[in-house]
Structures are given as structure tokens and as C-alpha cells.
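I want to go from the whole chain down to single residues and write down what I look up on the way.

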Amino acid sequence: MNISEVDKNKIFRKARKIEGLNADEWRMDACDAIIYRYSYGRTDDFFGWEVDHIVPKSRLQDKDVPQELIDDFRNLRPLNWRNNVSKGDDYPKYKAEIRSEDGGESNVLRASNRTVNKAKQEELRKLYSEYLDL
């Protein structure tokens, strides 16, 4: 996915702020892992992150969803790269590999099961209702 700096910043700001840290640089993803703004795309960085398609891109492509809907801002979020890899093509339940256990000071490898929240599931169900039953 080719993403502009402006869109990258918008997506990064979707992550939760961490008390005591600069919100322009540090955030917490949906799996409670810390991400660093300037580590986008860095899989060699513990705080690296990627843009995640909440409803997996491959699942949408299989149903011939147009690319502009696949990449709709409502379906995108920042996710620590390890969590994005472990999530794979699962939706709405998925596995996460990394999170912060100390309130936002460091990440640890700790697997957990996650579920996309009900409000987001409903929003995405409506967005893709013409193409698939979520």
C-alpha cells in the first residue's frame, strides 16, 4: 500500500495517547503495544508499526471489493508490526503477539487473543455490506 505522509500521520493519530509521552511520537495500538511514529514500516524496531486493514485486504479482494473501499480510512489503523503479522487474515477475532504491560513504557512479547470492538464491527459491516456478510 502506497501511503502519503499526511495519511500516515492521520492513521498514526488513531492510536491511543500514552500519558506522559509526546502524543506526536508515541501511541498505543489496538493490542496495547507501543508504537513510535518515526518507526513506520520498520520490522527491525520493537516499536515499529504498519497500517493494518481491520477487515483483511485479502478477504475483501476475494469478494472483488473496489480498492478505494479496501483502503477506506474506516478500515485502517496503526498496528505494531508484530501484531499485524500475528493477526494475519483473521477477523473479528485475532491473535496479538506484543503489548505493553507497564502502562506505556516498554513492550513485551506476550500473546493474547483480541476481538475488534462491536462498534467498529458494525461500522465495517455497513461499509462492506454490498460485498460480504460480516
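Predicted model: local features only at pLDDT ≥ 70, side-chain atom pairs only at ≥ 80, totals over all residues.

**Contacts along the chain.** I started with contact range: of the contacts in the protein chain with a separation of 6 or more, 54% are between residues 24 or more positions apart.

**Overall layout.** I looked up the secondary structure next and got 5 helices and 7 strands. Read from the N terminus, the order is α-β-β-β-β-α-α-β-α-β-β-α. The radius of gyration is 15 Å, close to the 14 Å that the globule rule gives for 134 residues, so the chain is as compact as a globular protein of that length. Along the principal axes, the C-alpha atoms fill a box of roughly 45 × 30 × 25 Å.

**Surface and burial.** I get about 7400 Å² of accessible surface for the protein chain, and carbon and sulfur atoms hold 44% of that. Buried residues come to 42% of the 134 residues.

**Helix α5.** Which residues of α5 are buried? In this helix, residues 118–127, I find Lys 120, Gln 121, Leu 124 and Leu 127. They sit on the same side of α5, because the arc they cover around the axis is only 125°.

Asn 117 caps the N-terminal end of the helix, with a side-chain oxygen 3.1 Å from the backbone nitrogen of Ala 119.

**Tyr 91 and Pro 92.** I went through the peptide bonds and noted a cis one joining Tyr 91 and Pro 92, with omega at about 0°. Pro 92 is in the loop between α4 (81–87) and β6 (93–99), and Tyr 91 is found in the loop between α4 and β6 as well. Is Tyr 91 buried or exposed? It counts as buried because its relative accessibility is 11%, and the cut-off for buried is under 20%.

I wanted to know what surrounds Tyr 91. Leaving aside neighbours within four places in sequence, Tyr 91 is in contact with Ile 54, Val 55, Pro 56, Arg 59, Val 116, Gln 121, Leu 124 and Leu 134. Two of these names, Gln 121 and Leu 124, I had already written down as buried residues of α5.

**Positive phi.** Last, I looked at phi in residues other than glycine. Asp 32 has a positive value near 70°, and its place is the loop between β2 (26–28) and β3 (34–36). At 23% relative accessibility, Asp 32 counts as partly exposed.

Asp 64 also has a positive phi without being a glycine, at about 60°. I find Asp 64 in the loop between α2 (57–62) and α3 (67–70). Asp 64 counts as exposed because its relative accessibility is 65%, where exposed means over 50%.

Key. Residues numbered from 1 in each chain as written. Heavy atoms only, no water. Helix = DSSP H or I, 4+ residues; strand = E, 2+ residues; numbered from the N terminus. Buried < 20%, exposed > 50% of the residue type's maximum accessible area, 1.4 Å probe, protein only. Arc of directions from axis to C-beta. Polar contact = N/O pair within 3.5 Å; in protein donor to acceptor, adjacent residues only side chain to side chain. Rg over C-alpha atoms; globule rule 2.2 N^0.38 Å. Contact = heavy atoms within 4.5 Å. Areas by Shrake-Rupley, 256 points an atom, 1.4 Å probe, with all protein chains shown as cover.
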